[in-house]
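Work through the exercises below with the model open. Try each task before reading its solution.

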Amino acid sequence: MVDFLRDFIHILRSSDLRVSTSESIDAMNVVSEVGLDDKSLLKDSLSFSLAKTLREKEIFNKCFDNFFEENYMNLKGEKLSKENHEEDIEFDELNNIENTEKNLEELYKSSDKTSLMTVMALAARDANLQDIKLFTQVGMFTRKIFDEMGLEKLNNDIFQAAREGDGKREGELKNIRENLRLEIRDYVENQVKLRTTNAGKQLREDALSQMRLTQADKSDYQIMSGIIKKMARRLISVHSRRKRKSQRGVLDIRSTIRANQEYDGILFETVWKKTKVDRPKIVALCDVSGSVANVSRFFLMFLHSLTEILPNVRTFAFSNKAGEVTDLFENKDIEVAAAETLLLNGGGSTDYGQAFVDLEGFLENNIDRKTTVIILGDARSNYGDPRCDVLKTIQEKSKRILFLNPEPKSVWGTGDSEMLRFVPYCSKSKVCSSLFDLERVVDDMLRSSI
Amino acid sequence: MSNNKTSSNGSAKDLIENIQSNFEKQGYICNTHIATAIFLSQSLGKPILVEGPPGVGKTELAKATAEWMKKPLIRLQCYEGLDEAKALYEWKYGKQLLYTQVLKDKLNQIVSKSDSLESSINNLNNFDDIFFSEKFLEPRPLLKAIESENGSVLLIDEIDKSDDEFEAFLLEILSEYQVSIPEIGTIKGNVKPIVFLTSNNTREIGDALKRRCLHLYIPFPDPFLEEKIISSRVPEIDKNLKIQLVNFVQGLRNLDLKKLPSVSETIDWARSLVLLNVKNLEPNLVRETLNILLKFQTDIDVSDPEIDNLIEQSKK
């Protein structure tokens, strides 16, 4: 029972569901309370102690079904053999081991699937199957388990039969060996499926969040928007906490006196004024022409995933002309909105000067000292007038301008890049080429806005 | 041992069914999932964190449990700014002041008896202990629940509305069922209370708190269960109308609404339809009474074009 639970929790953990030690102890208690006989009761009960959000419940249900489809027979087998053990455990266990060593052939022939599974599970444990990481290891583990189960004996038998010239027996034994091998392989493959689906994903996610976004492939978009959601969740939990801390203001004398009337006017309790925290206003202007489109796409998705802590976001996209895309993101699914943004505003040659003029037109008086303007683009304006004067007025009206450029610093100012002319008007200019960079930039921005 | 196992398992199942039927008697209809959670929290002595959309009977569950176990229900409603003094205990400052005033003469006597400053301080020190004793302690819900002689059902409602600090402060109480009061010491109850925490998920509850609780998620009920709930709460309803009504509400929950109609709102609607002496759902009537189910004008606008369709489907 402990083994099965340990295995199950191991699988839950590898499927991105955190289970703490105290929770696994709880699960153990739960199992001893309800027993193993009723599968649906077991599922209900375990879900109370192991899965603690709606998302986790979904993962739990999937894992439970997979695991038990596979192991329930096995589990029952284990229980049965345990019942047998009861009379004389040591003797039985010894016997058991000897049995498997000797009678792999008999075991197979007896068509007792349960005990075969039990033997296989025991062998798998000895071969450390739970450590399997990649599907390429299937062959190796199959062989290891087979060895543990007594392959050598079977091989010897085959060899002996061949030497004695008993062709029929040789063929039969070879047949058994092949079938057993297939069965073990199936078992191992199943285990791989259970245990490694997520490990591979984890690896891929790590790689993707470090990769330059301009290199990102369409097939990865889905995973990447998943990563963005995760990052956004992380930032939300970090930043919503800090805000509450900094909300306490100075002593509220009037309320303090009122609150302490019941103590004869002696000031036991203090009441504090609450300071209002200005929510940062954010205006983002994103270049969506060919080369930068990918970065803009993910940046926009990121900003709009943060509505909980950034309620005042307005976003604009441009290539040769700027257009507002806030509504798109607010009313539609975030991925659809991102795709539509590129369709509506992409194409045409980039013109930063025109974009700045348009932005100023859109904002008019809606820009004040609380507004952070974020510009994302490669600053390559096709030799058009960069209109630094407009950028300067925007800078004067706003709190600050952040410029995010996906190009490495070494090429800023080369060719048609106007980056070096923009830098003086920005309070910060940063290289931002991967999801990882994006997260850091947004985190920074939130930190300094409070 | 195996025999024990099966028998205890059998009794576990019986106990769960027993809980379910007892709840039913009080008019709280639940599925096995919920009953299992109650059973486990009782046998493991762990608090239950109940989550789910508003109006699915999270608070009712605690009330039903209290009723079933014949134990007092102690309720603590959480809100922003809730602190120890309101949740745990408070010194009766007024009483302390009053007593010192009344006993002034007595105090003077005692102090005048002693000849040196040191001995008079020593004498006064004895009174310090008297004034900070349990006589002057005002127990608030949490302390009350722990102190109660025969156990109790403690309901900490809408924990997500409280601050993070309060959540951290609950940890000691929930895992050890004890309270430390600096002036007196640690107070530990004889009987563990049964603790329910409810949350509407307006913010994420901390991992530390979650780890100490069993987690129960109550979703909207399926049509079968909802019909049962309606017939238990509004027994005078026409059977035909009941089926239509439940199907209609279930259909409404599939629409893209700001706030989905909850079970309690379905019950309210059923009651008002009974009052209006309705036998069949009619589009006009539904439109007139829809504000019982939906609490936002935008939701009413969104569902308006679908109403005829939904009524048609619900009559099938």
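**Exercise 1: the sheet of chain B**

Task: give the strand order and the pairing sense of the open sheet of 5 strands in chain B.

Solution. The order is β2-β5-β8-β1-β9, and the pairing is parallel. Strands pair here if DSSP finds at least two bridges between them. Strands are DSSP runs of E, at least two residues long, and helices are runs of H or I of at least four, numbered from the N terminus. Next, the edges. β2 (73–77) and β9 (214–217) of chain B each have a single partner strand, so one side of each is left without a neighbour in the sheet. Neighbouring strands are turned by 20° against each other on average, direction ignored.

The model is predicted: local features need pLDDT of at least 70, side-chain atom pairs count only at pLDDT 80 or more, and totals for chains, interfaces and linings use all residues. Residues are numbered from 1 along each chain as its sequence is written, while chains are lettered from A and ligands numbered from 1 in the order in which they are written.

**Exercise 2: one pair and its cover**

Task: find the bridge partner of B:I156 in β8(B).

Solution. Start with the pair. β5 (residues 153–157) and β8 (residues 194–199) of chain B are parallel over 4 bridges. B:I156 is bridged to B:L197. Angles run from 0 to 180 degrees between N-to-C directions, with axes fitted to C-alpha atoms, for helices over the stretch in contact. α3 (residues 58–69) of chain B lies across β1, β2, β5 and β8 of chain B, at about 170° to β5(B).

**Exercise 3: the interface**

Task: which helix supplies the largest share of the side of chain A that touches chain B?

Solution. Count first. 28 residues of chain A are in contact with 27 residues of chain B (contact: C-beta atoms, placed from the backbone, within 7 Å). α2 (21–34), α3 (39–50), α4 (54–85) and α11 (221–245) of chain A each supply at least two residues of this side. The largest share, 6 residues, comes from α2(A).

**Exercise 4: confidence**

Task: where in chain B is the pLDDT below 50?

Solution. pLDDT is the predictor's confidence in each residue, from 0 to 100. Chain B averages 84, and 96% of the residues score at least 70. The stretch below 50 is residues 1–8. Where pLDDT is low, the predicted coordinates should not be read in detail. For the complex, the predictor gives an ipTM of 0.79 and a pTM of 0.66.

Definitions and conventions:
Contact = placed C-beta atoms within 7 Å.
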